[in-house]
Every structure is written in structure tokens, then in C-alpha cells.
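Please keep the sequence and the coordinates at hand while reading.

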Amino acid sequence: MFFDRDEQINFNEFVDIFMFFLRSEGLVVPHGAQWVAFYKKIATSVADWQLPPAPPMPSIANGQQDEIVGILALQLHWAAENGRLFEAIKFLGALDVTDWVVRR
């Protein structure tokens, strides 16, 4: 459920559902430039030691969809834990399908 007994939103469950939605639409991760922009968006105004997991380099990401999807999920969970989930979901939701790596 999205709410626990204290009526607080369970952001980690929301992230899992959002990731399920992305997979169901065939969306894997944002393309390189969009992923870097996403990373910068969620990492704004935090100390270096608090930064979320960085997106992989494009040469590393080729052909490793399951691993890179895990990095996006980690970034979203990080955003949830650091008060940046709204910005993260808003940014990803505004991307066009052409801005995503699509699972075939």
C-alpha cells in the first residue's frame, strides 16, 4: 500500500510501482544526455558525500539493460530517501518516448 498506519506515503513502494510501469511500457532508462540531466536534477543542492548513484557511462551500458535498470531504481530510491522523488518523477514523466532506451 502507499500508506502505512501513520498515513505516511511509502515512497519506496511508489518507486517499485513506477519502475514496474516503465518496464510495462518497454522503457528501460533515459538515453545518455537525458540520464545525465536527470542525475543533475536529483543531485542538486546535496553535499558530494550524499550524491545518488551515478548513471553508467554509455559504453558500459550497452547490452546490460538489467544492470542499468537497477541503477535507475537505486537513483529513484535515493531520491525518495532524500526528498527529491517529486522532482525525479516529474522529470522522467516529462521525457518523450524517444528520450528512452526502449526494450525490444
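Does Leu85 count as buried or exposed? Leu85 counts as buried, because its relative accessibility is 6% and the cut-off for buried is under 20%. The model is a predicted one.

**Overall make-up**

- The protein chain has five helices and two strands.
- Read from the N terminus, the order of elements is α-β-α-α-α-α-β.
- The protein chain has 104 residues, and 35% of them are buried.
- Of the contacts between residues at least 6 apart in sequence, 70% join residues at least 24 apart.

**Helix α1 against helix α5**

- Helix α1 covers residues 11–24, and its axis comes within 12 Å of the axis of α5.
- The two axes cross at roughly 10°, which means that α1 is roughly parallel to α5.
- On the α1 side the contact is made by Phe11, Phe14, Val15 and Phe18, and on the α5 side by Leu85, Ile89 and Leu92.
- By class, the residues of this contact of α1 with α5 are seven nonpolar, no polar and no charged.

- Leu85 is part of helix α5.
- Leaving aside residues up to four places away in sequence, Leu85 touches Phe11, Phe14, Val15, Leu76, Ala79 and Ala80.
- His77 belongs to helix α4, which spans residues 65–81.
- His77 counts as buried because its relative accessibility is 18%, against a cut-off of under 20%.
- The C-alpha atoms of His77 and Val15 are 6.5 Å apart, although the two residues are 62 apart along the chain.
- With residues up to four places away in sequence left out, His77 touches Asn12, Val15 and Asp16.

**Helix α2 against helix α5**

- The axes of α2 and α5 come within 9 Å and cross at roughly 160°.
- That angle makes α2 roughly antiparallel to α5, because angles over 145 degrees count as such.
- The crossing of α2 and α5 is right-handed.
- Gln34, Ala37, Phe38, Lys41 and Ile42 of α2 make the contact with Glu87, Ala88, Phe91 and Leu92 of α5.
- The residues of this contact of α2 with α5 divide into six nonpolar, one polar and two charged.
- Leu92 is listed in the contact of α5 with α2 and also in the contact of α5 with α1.

**The aromatic pair**

- How many aromatic pairs does the structure hold? It holds one.
- The ring centres of Phe38 and Phe91 are 6.0 Å apart and the ring planes stand at 40°, so the pair is tilted.
- Phe38 sits in helix α2 (residues 32–43) and Phe91 in helix α5 (residues 85–94), so the pair ties together parts that are 53 residues apart in sequence.
- Phe38 has a relative accessible area of 0% and is buried.

- Asp99 is located in the loop between α5 and β2, where β2 is 100–102.
- Asp99 counts as buried, with a relative accessibility of 19%.
- Not counting residues up to four places away in sequence, Asp99 touches Pro30, His31 and Gln34.
- Gln34 also takes part in the contact of α2 with α5.
- Val101 is in strand β2 and counts as partly exposed at 24% relative accessibility.
- Val101 and Val29 are 72 residues apart along the chain, while their C-alpha atoms are separated by 5.5 Å.
- Gly32 lies in helix α2 and is partly exposed, at 40% relative accessibility.
- The C-alpha atoms of Gly32 and Trp100 are separated by 8.9 Å, with the two residues 68 apart along the chain.

Notes
Residues numbered from 1 in each chain as written. Predicted model: local features only at pLDDT ≥ 70, side-chain atom pairs only at ≥ 80, totals over all residues. Heavy atoms only, no water. Phe/Tyr/Trp six-rings, centres within 6.5 Å; stacked < 30°, edge-to-face > 60°. Helix = DSSP H or I, 4+ residues; strand = E, 2+ residues; numbered from the N terminus. Buried < 20%, exposed > 50% of the residue type's maximum accessible area, 1.4 Å probe, protein only. Contact = heavy atoms within 4.5 Å. Axes fitted to C-alpha atoms, helices over the stretch in contact; angles between N-to-C directions. Parallel < 35°, antiparallel > 145°, perpendicular 65-115°, else oblique. Left-handed = near helix turned anticlockwise from the far one by under 90°. Nonpolar A, V, L, I, M, F, W, Y, C, P; charged D, E, K, R; others polar.
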